[in-house]
Amino acid sequence: MEHKAGFVNIIGNPNVGKSTLMNALVGERLSIITSKAQTTRHRILGIVNGEDFQVVLSDTPGIIKPAYELQTSMMDFVKSAFEDADILIYMVEVGEKELKDEAFFNKIIHAKIPVLLLLNKIDKSTQEQLEEQVALWKEKVPNAEIYPISALENFYIQEVFDRILELLPESPPFYPKDALTDKPERFFVNETIREKILLNYDKEIPYAVEIETEEFLEDDDIIRIKSVIMVERDTQKGIIIGHKGAAIKKVGIQAREDLEKFFGKQIHIEMFVKVNKNWRSNPYQLKRFGYNQK
């Protein structure tokens with residue numbers, strides 16, 4: 001029996017639903033999802049295995065014009081998504097008219113591989129709007145197959161997945177058949193804590209935060225975790241901790257609940273806040289946190 005395998009890379013503007021789509025296709029919550037832009041910072045792989053196929057999905061940061069070193073590194077992850085893709089998913093939402101970076105857009109319309117353009121959030125549109133959007137994108141990206149979907153409502157996701165399987169090249173699997181992702185456990189601890197910070201704090205705070213899990217000790221029935229929340233300034237440290245530690249305690253409770261579901265075990269989590277001045281502009285610190293891959 002022939003075996004198919006390939007990389008299916010998801011790109012698009014911030015906040016169009018890329019992470020929601022990947023989680024829907026994988027059936028696991030691998031990418032963090034919030035209503036704030038730039039939620040995804042890394043390139044995250046989600047692996048779907050069947051008897052005769054392996055789909056390696058890749059969620060990437062939303063395409064932006066970089067303002068500082070961290071964002072430049074995030075866009076490098078997007079560039080890498082073009083280099084190894086067997087199938088490219090270009091995701092837009094209803095009402096959107098262009099990609100924020102013309103160079104990326106040119107790569108899409110001149111791609112030599114299959115391009116699936118997914119028009120997301122159609123549950124928020126009328127039939128007339130939808131027809132207008134499909135016509136617009138057919139003209140803009142003539143090389144793409146267009147699928148109107150709702151990633152959140154799981155509408156037309158199975159049809160997209162079936163088409164991916166049809167387009168996959170013949171290949172042995174790239175990862176072990178029981179693998180769900182290429183990321184280690186600590187990565188998902190970090191991302192879960194970061195998601196709760198995105199949800200609970202406003203303005204610049206979530207974007208100035210990075211998480212580093214220093215301990216991940218797993219026993220038969222409990223996982224003990226020690227994580228450090230890095231911020232750039234002393235004032236941010238105070239805001240993260242909150243009055244009498246109430247704010248960080250709330251983050252810890254929410255993160256523990258999600259991690260217990262994810263790992264299927266009891267979680268004991270300790271969190272500390274440290275100031276790491278201007279880490280977002282420091283190449284050494286970015287490399288340490290897994291951003292600068294050069």
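Select strand β8, residues 222–231: eight of its ten residues are buried, meaning under 20% relative accessible area with a 1.4 Å probe, protein chains only (over 50% is exposed, and partly exposed lies in between). Strands here are DSSP E runs of at least two residues and helices are H or I runs of at least four, numbered from the N terminus. Before you go on, note that this is a predicted model, where local features need pLDDT of at least 70 and side-chain atom pairs count only at pLDDT 80 or more, while totals for chains, interfaces and linings use all residues. Residues are numbered from 1 along each chain as its sequence is written, and side-chain values use heavy atoms, with hydrogens and water left out.

Two strands count as paired if DSSP finds at least two bridges between them.

- Show β7 (residues 210–218): it runs antiparallel to β8, with eight bridges joining the two. A hairpin of three residues links them, and if you pick E215, its bridge partner in β8 is K226.
- Show β9 (residues 266–275): this strand is parallel to β8 and joined to it by ten bridges. Click I223 and you'll find I267 of β9 opposite.

Next, pick up helices α7 (residues 234–241) and α8 (residues 246–263). They pack at about 65°, with axes 5 Å apart; axes are lines fitted to C-alpha atoms, for helices over the stretch in contact, and angles run from 0 to 180 degrees between N-to-C directions. I239, I240 and I241 of α7 meet A246, A247 and I248 of α8, where contact means heavy atoms within 4.5 Å.

Which residues of the largest nonpolar core touch the most other members? Select L21, V55, L118, I149 and I164, out of 27 in that core. Such a core is a set of buried Ala, Val, Leu, Ile, Met, Phe, Trp, Tyr and Cys residues joined through side-chain atoms within 4.5 Å. Zoom in on L118: leaving out residues up to four places away in sequence, it touches L21, I89, Y90, M91, V92, Y147, I149 and V160. Another core, of 22 residues, lies apart from this one and includes I223, V251, A255 and M271.

For the last stop, colour the buried residues of α5: I157, V160, F161 and I164. They sit on the same side of α5 because they cover an arc of only 100° around the axis, taken from the directions from the helix axis to the C-beta atoms.

Zoom out: the protein chain has nine helices and nine strands.
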